[in-house]
Amino acid sequence: MGGLLAFRVGNFDNTAEREQFRFLCEKLKAHYENSNDFCVFAGNYNIGCELDALFIKKDAIIAIEFKNYGGTIVATENGEWKCDGQIIKGGSRKTVLQQARINHSIVKKELKALGVNSKNIKDVPTLVIFNQPIKLENLLCATTKSWLHITDNEHFIEKLDDITCPHTDFDPLGIVNLAELLNLNSFYLAEFSNANYDKPTTSPEQLSVFEDIKIYEGHSHNSIKQKEISQDDKQEHIDLQEGDVVNEQEIQTEESAALKGFVKQILSSVLKLSDAVVTVWEGISLQSKLAKYGITIHNKYLVKVESTGIGTHCSKLSKFINHEVKAINPDVICWQDGDTIDELQKNTERSKIVYDKMDHSATDNGSVKFHKSKTIIPHWLDLALFNNLGAIYSPEYKKFEYNLDTDSEDIKVYLGTYFPRSYAESFCIFDDLFKSRQYLEVLKQQPEINILDFGCGTGGELIGLVVALSKHLTDYKTTNIIAIDGNRKALTTLKELVELSSSNVRHNISLSCVERTIQNKNDLQISNVPECHFILNSKMACELISRRIIEGNCYYKIVESLSKLLAEDGLIYMLDVTTKDEHSNLFYPQLMTQGLNRFVSCHKDYATLLPLACNNWRDCREACFMQQTFNVSHSRKSGDESRVCYRIICKKDTKDIFIPDNTLLKGYSHIIHPQKYKQNEESSLCPKSYEGTKVIDSYNIIT
């Protein structure tokens with residue numbers, strides 16, 4: 001017996017990688033065709049890091065990186081690798097060696113987390129394969145050479161045969177079981193595979209390649225042990241369908257509902273399950289009841305999922321939700337989710353310390369009610385991003401310091417990594433604001449809703465606003481959107497997203513895209529635009545500041561221009577990152593605070609709606625550091641965080657709709673940095689409001 005099992009988890013982004021993968025598959029197929037050895041080759045595989053390929057054979061598991069270079073390669077221990085003097089890219093602005101070290105560490109850690117026998121992953125080498133012939137000048141130290149290998153397409157097979165790990169020893173069934181553990185079954189490539197286990201594999205249409213190989217009579221007893229949950233395993237857990245737990249009431253909060261919705265979305269997207277029963281319990285309340293079973297609860301929530309045969313998908317789900325998933329029986333799985341109980345207790349203690357130290361009384365229910373900060377991407381939007389538009393989740397990718405430089409690959413990474421965060425920030429903020437019944441009544445009177453997004457990019461904050469409007473403004477309306485940006489590719493992507501969203505929101509959307517690059521302050525002036533009910537400007541000012549395109553306080557100048565387009569009952573949403581500007585040595589939140597406080601001080605018809613503190617002290621000249629944290633979940637990441645600063649500006653009469661008689665303004669201490677507040681830092685409070693008798697979140701307008 002022998003041969004190759006080939007898999008490709010996703011298609012490669014560029015032609016060179018696709019061609020190289022096919023070429024290497026053909027080489028492996030020919031090499032192993034008449035061999036007694038057996039191997040697995042998985043292309044474009046994510047195991048906590050993006051690998052071009054993962055190779056498994058009897059005596060090694062090898063992480064593989066493709067490089068589309070050829071010529072004289074100089075591989076150095078420190079600094080960039082070069083090909084005929086040209087720098088070889090390592091991804092995410094890393095050198096090739098840095099990239100390899102990170103992948104080397106992550107692959108080993110993830111394999112261990114999946115339960116692979118430690119002796120088989122004592123060594124996990126990395127192989128860099130150049131697509132074109134090379135002449136190698138290897139200046140790496142002996143230690144690095146022991147795990148990092150370099151070759152080209154033509155010498156690929158020789159190098160694979162040379163690489164061996166003394167402690168790694170897989171039999172054929174062990175290789176198959178590992179491939180199954182890695183959830184490769186559904187990505188099988190029949191045209192590149194020729195493996196058999198003394199019998200041919202099934203056709204792709206009836207694919208069960210692992211089961212077909214594993215039922216080989218000589219090894220079937222081992223397969224049964226691998227598939228079934230042993231009695232010993234069952235004793236480590238608890239049957240969550242029986243006993244004390246079944247009578248525990250499922251927790252019903254906005255956060256638990258979001259978690260439940262996220263789980264159902266993952267089950268639908270990843271496992272194609274629509275009928276699974278999901279239950280969310282409060283972990284703290286179960287601690288004592290589960291202690292007698294030897295179960296320790298570490299997290300805020302305990303999640304149970306019931307569906308026929310779901311017990312076989314634990315490892316696959318673990319990769320998507322970043323938690324250990326356990327099978328209670330073949331049809332029931334569970335895991336713990338949410339903040340750790342230790343952290344929850346610490347936060348409670350910290351809050352109490354802050355109250356005591358500052359001599360403030362808490363709000364009526366005994367704790368501060370913070371603004372909405374967590375959400376999940378709607379299922380239709382998740383499909384639009386990751387299925388229709390090919391979005392890629394890659395938090396290690398290079399940072400987008402200037403979005404006009406982005407290419408097609410950058411756009412895909414932005415859509416998968418940063419778009420969901422922008423969506424969550426906008427959706428959470430407007431979802432809170434639209435809970436004001438008075439303001440919602442004002443919007444209902446409008447025949448149409450006009451939105452301007454200045455510096456829209458791919459439109460994360462725009463889609464977040466549209467979804468929030470659709471949720472609260474249930475009457476059918478026409479929403480006119482003017483989207484302005486200097487990146488043509490981003491505008492094209494936005495058009496596709498708006499088209500995909502048209503059947504999932506209640507409103508008729510009319511989109512007009514304008515391509516404009518900001519080169520000086522005159523480009524901030526916008527004409528031929530109707531009065532707008534919502535004006536968005538997100539993460540654009542920081543780019544203009546860092547590139548010194550706009551002199552003076554950029555936030556002031558942008559809002560001064562945009563305010564001329566604001567309807568009487570409209571809102572200006574300005575949001576930015578919280579990093580430091582290297583020119584002024586101030587953080588962007590400080591620059592925003594200075595600029596927008598000066599704007600409302602100089603323009604008496606305008607007011608700050610959020611944060612509340614900046615309305616109360618509109619002539620303030622403090623450069624406060626304000627930061628808000630948002631959390632978004634989608635099919636590629638659970639609980640992805642973003643930290644931003646933002647301001648909502650409006651006309652004074654509109655402010656009075658939200659805050660009649662200036663309630664929530666005077667007599668309160670205002671939290672402007674929730675994370676610092678939970679860590680008992682006085683800088684978390686507006687310095688003008690220390691003497692307030694109660695502590696409130698300055699970004700939560702709905703009590």
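Histidine 673 sits in the loop between β24 (668-671) and α24 (674-678). Helices (H or I, at least four residues) and strands (E, at least two) are DSSP runs, numbered from the N terminus. The model is predicted: local features need pLDDT of at least 70, side-chain atom pairs count only at pLDDT 80 or more, and totals for chains, interfaces and linings use all residues. Residues are numbered from 1 along each chain as its sequence is written, and side-chain values use heavy atoms, with hydrogens and water left out.

Histidine 673 counts as buried, at 4% relative accessibility. Buried means under 20% relative accessible area, exposed means over 50%, and partly exposed lies in between (1.4 Å probe, protein chains only). Neighbours within four places in sequence were left aside in listing the contacts of histidine 673, which are Phe625, Gln627, Gln628 and Ser684. Contact means heavy atoms within 4.5 Å.

Asparagine 480 belongs to strand β17 (residues 478-485). Asparagine 480 is buried, with a relative accessible area of 18%. Beyond the neighbours within four places in sequence, asparagine 480 touches Glu448, Ile449, Asn450, Ile451 and Ser510. Isoleucine 509 lies 29 residues from asparagine 480 along the chain, yet their C-alpha atoms are separated by 6.0 Å.

Two helices were examined as a pair. Helix α14 (residues 408-417) packs with helix α15 (residues 419-433) at an angle of about 40 degrees, and their axes are 4 Å apart. Axes are lines fitted to C-alpha atoms, for helices over the stretch in contact, and angles run from 0 to 180 degrees between N-to-C directions. α14 and α15 are therefore oblique to each other. Angles under 35 degrees count as roughly parallel, over 145 as roughly antiparallel, 65 to 115 as roughly perpendicular, and the rest as oblique. On the α14 side, Tyr414, Leu415, Gly416 and Thr417 take part; they meet Phe419, Pro420, Arg421 and Ser422 in α15. By class, this contact of α14 with α15 has four nonpolar, three polar and one charged residues. Ala, Val, Leu, Ile, Met, Phe, Trp, Tyr, Cys and Pro count as nonpolar, Asp, Glu, Lys and Arg as charged, and the others, Gly among them, as polar.

Helix α13 spans residues 379-388, and its buried residues are Trp380, Leu381, Asp382, Ala384, Leu385 and Phe386.

Other backbone features stand out. Asparagine 44 is not a glycine, although its phi is positive, at about 50 degrees. Asparagine 44 lies in strand β2 (residues 38-46) and is buried, with a relative accessible area of 18%. Lysine 539, again not a glycine, has a positive phi of about 55 degrees. Lysine 539 is found in the loop between β19 (532-538) and α19 (541-546). At 17% relative accessibility, lysine 539 counts as buried. The peptide bond from leucine 610 to proline 611 is cis, with omega near 0 degrees. Proline 611 is placed in the loop between β21 (606-610) and α22 (612-616).

The structure holds three cavities of 30 Å³ or more. A cavity is a set of points, on a 1 Å grid over the protein atoms alone, where a 1.4 Å probe fits but cannot get out; lining residues have an atom within 4 Å of a point. Grid points are joined across faces, edges and corners, and a volume is the space filled by probe spheres set on the points. The largest cavity has a volume of about 60 Å³. Its lining consists of Asn597, Ala613, Cys614, Trp617, Cys620, Cys624, Met626, Cys686 and Lys688. Seven of these lining residues are nonpolar, one is polar and one is charged.

How values were computed: On a 1 Å grid over the protein atoms alone, a cavity is a set of points where a 1.4 Å probe fits but cannot get out, and a pocket is an open set with protein on both sides within 12 Å along at least five of seven lines; lining residues have an atom within 4 Å of a point.
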